[in-house]
Amino acid sequence: MKKRNLNAIYTAPLPVEVVPLPPLVPHNPLSVAYYVYQLVFVPFLWGFKRRRRFTAYLELYTDSVSSYVSSIAVDSYEDMQGLWKAGFFGKGTQSRSDPTWELRTAKRLQEASGEVEGVAPEEVTARRRAARKKFKNARALAEQGIVGNDTAMEKVETCEEPRRQELARPEDSQLRDSEGKVRRLEKLQLTFQEAFFLAYALDIIDIYDDRTGDLVTVPYLLGLLMPDWSPDNSFIINYVAYHHYRSHGWCIRNGVKFGVDYLLYRRGPPFSHAEFGVIVVPLYSDESKNQLIRKDWSWSFGVNRVVGGVKKILVLCYVEVPDCIDKWHTVEELLKKYKVRELVLRRWIPSRNRD
Amino acid sequence: MDDLDKDYDNVPATQGRGEQEDAESDDEQQDWRMLTAMGSNRRSLPKRGEKEYEPTGSSSDRNNLDESRQAMYIALNGERRHTSKVHISGIWYPHLRKAKVLVARGPHFRSIGKADSNGVIWLLPEEVIYLMERGSMSLYNAHGDTNISLQGCYAACLGSCQGHERYLVYAHLKRLGFIVQRAASFDGYGEEETVQKPTSNRARKLWNFLVQKFASFCIGLRCVFSKKIPSFGPIVCGGVWRSYDSIYRALQIIPFYSHRDSIVTPKSTTVPFRVAYNIWKPRPSFKKSNPGEPDFRVVVVNAQKDRMPTLAQADALFSTLPTAHGSTSTSQQRLRDGYKNVIIGVVDCGIISFVKYGDVSFGDERIFERAANNTTKKYRPMKK
């Protein structure tokens, strides 16, 4: 299997274009002229060119009692790819993370002709699982002395790709459009924090109300996401943590599968595993409130077992909650009222720290 | 929301196994047959079942277990002896809460006991119980005529150990080979030895302030030109951005506690969140008189009585500690172990687990510079 050049695929850490200044060589007039042109005129020219924008749709759930945002998703294929490849935003609704449903389906439908290139991460996992199963069986045989150890290991080395056993499914005919291409049925769902970051901080996404088709502005979006406007609203607390890690260069993604609020990747899921699992804890100025939300030790060891088991380190991210917030604050002023403080927790094993 | 399966799977099978064994090494079974001549070239004990083929339930597995158990009984039945050469005897003085050593002999005194100006060595209560439990010591009452039993020793000494939990942790670490000594804050209030010097000065703060103001002015100007009202954002507004570095810097608006400009004054710690023991890894060069910086500092907590510390309690504890690494530490080290760290020994009905608390600040580490640089460079194909 050919290794993909990840750096070429995932070029930008954020979905915003940058125009770097050329190197300036002072004794070369041409270089100086070009530098001045880049410095002075490009911003003007750039003014005519609109920044690449993405579109998302917001679904509002309403019943007689309540009304809340149920999902924010991107459905254009180009936008999905753009947001995933630059900063790893969102999750494919039919995929594990990277929206690859279309690729996988196309592969499945056209497997015989072999026209589709690329490998989805789900396939990599399937392959690895098959290889491991084989290894375990071989090891079991070796331990019972039936097959020599070397033969067992050899077998693992020569493990071939698992044979695809999926046959045609009854619904397959409906998966293609009139031109015979796979229909694009997958969406990219954004967490509220991701959506707000893209809309407010980067200003590169237009969110529309799914029913009315109206543009959802940033203040309106904020009102929908934190309707009670209380200083310790879970959206704003989590957003503060999200924004903090994003702004310091971490790729931050939802971590609920690991029992934490967020996962921190140094660059992104294709490059390396997440190093840290973050749990966000509100920190009140009133110490009695902090006492009230104190956790038991069993909680700490439980979370640590899970997080440590997948080789991550637990981070407790305390977000200092202001006593009151004013509706007339700008978002920036609002965010600046919060403050972040972090601790890391790891299980410590004496016998492994002795020598 | 992606990779539960992936993360388990990416660990190669062999490595995964090793990892698990490491994690379980605490509660591994002992093969007692090593003490006897029995089963010298047998197969190893069956592992506790976790995989589909372990244990196999075969008769050979059962024989192995039976033999090992038998060997354990033989070992336990054996008569235990101590050489009189290194046997320690001492006298317990209840009012001093210390034991006076009559004859100091043996290797224990390299890390245990404290000599006064007359050259008499005194033992702390936990040291006495520990030595008594090992069978290395006999203790007499103040008149020097009655031999105190182990039970009597517990009754006399445990009350001066600041809680049963502390003794359990002390003995646990001692048996594992660590050198354990009481910390200065063992029974006092936050009287740790180290006081942090303020690390920042006013000029630096002023400079940071000016840079910040100038940056926000520039961003505001940029936003005016791109006809966006900055009141509800954006931070990264339209117009030309020259580098991801500048975008990240503009995004950094959330205040955070930094190690760079925080002035740490020792706060008074609260019970039980204060350092009880300093511990050193076993080393032959250890000197009681000049122990050097401890390798770890241990706080002891009773899980039945106390919950996790609040940030204020943890903060007070950290304020009494020195920084963990020198100036040579890498960003990775600072994030994983913390700028300062402390071990908390949690005792739950006699079961001891340890957790390491680290004081970190992700905002201090410039991950974004790397993230930005990775992408502005020309791409090279990855090395095989």
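A:G92 stands opposite A:L188 in β4(A). These residues belong to two neighbours, β3(A) and β4 (residues 188-190) of chain A, which pair in the antiparallel sense over two bridges. Strands pair here if DSSP finds at least two bridges between them, and the elements themselves are DSSP runs numbered from the N terminus: helices are H or I with at least four residues, strands E with at least two.

A few words on the model before we go on. It is a predicted one, in which local features need pLDDT of at least 70 and side-chain atom pairs count only at pLDDT 80 or more, while totals for chains, interfaces and linings use all residues. Residues are numbered from 1 along each chain as its sequence is written, and chains are lettered from A and ligands numbered from 1 in the order in which they are written.

## The six-stranded sheet of chain A

Zooming out, β3 and β4 are part of an open sheet of six strands in chain A, with the order β3-β4-β2-β1-β5-β6 and mixed pairing. At its edges stand β3 (91-92) and β6 (215-216) of chain A; each has a single partner strand, so one side of each is left without a neighbour in the sheet. Helix α3 (residues 77-85) of chain A packs on this sheet and touches β1 (54-62), β2 (67-74) and β4 of chain A, its direction making about 100° with that of β1(A). Such angles run from 0 to 180 degrees between N-to-C directions, with axes as lines fitted to C-alpha atoms, for helices over the stretch in contact; residues are in contact if their C-beta atoms, placed from the backbone, lie within 7 Å.

Within chain B, β9 (residues 296-302) and β10 (residues 340-348) pair in the parallel sense over five bridges, and B:V301 stands opposite B:V346.

## Where the chains touch

The contact takes 88 residues from chain A and 78 residues from chain B. On the chain B side, elements that each supply at least two residues include α1 (4-9), α2 (13-24), β10 and β11. The residues of that side divide into 44 nonpolar, 18 polar and 16 charged (Ala, Val, Leu, Ile, Met, Phe, Trp, Tyr, Cys and Pro count as nonpolar, Asp, Glu, Lys and Arg as charged, and the others, Gly among them, as polar).

## A covered helix in chain B

Chain B has 11 helices and 11 strands. One of these helices, α4 (residues 125-134), is mostly covered, with eight of its 10 residues buried. Buried means 20 or more other C-beta atoms within 10 Å of a residue's own, exposed 12 or fewer, and partly exposed in between, with C-beta atoms placed from the backbone. Among the buried residues of α4(B) are B:V128, B:I129 and B:L131, and their cover includes β1 (88-93), β2 (98-103) and α6 (164-175) of chain B. Just after α4(B), B:G135 takes a positive phi of about 80°.

Notes:
Contact = placed C-beta atoms within 7 Å.
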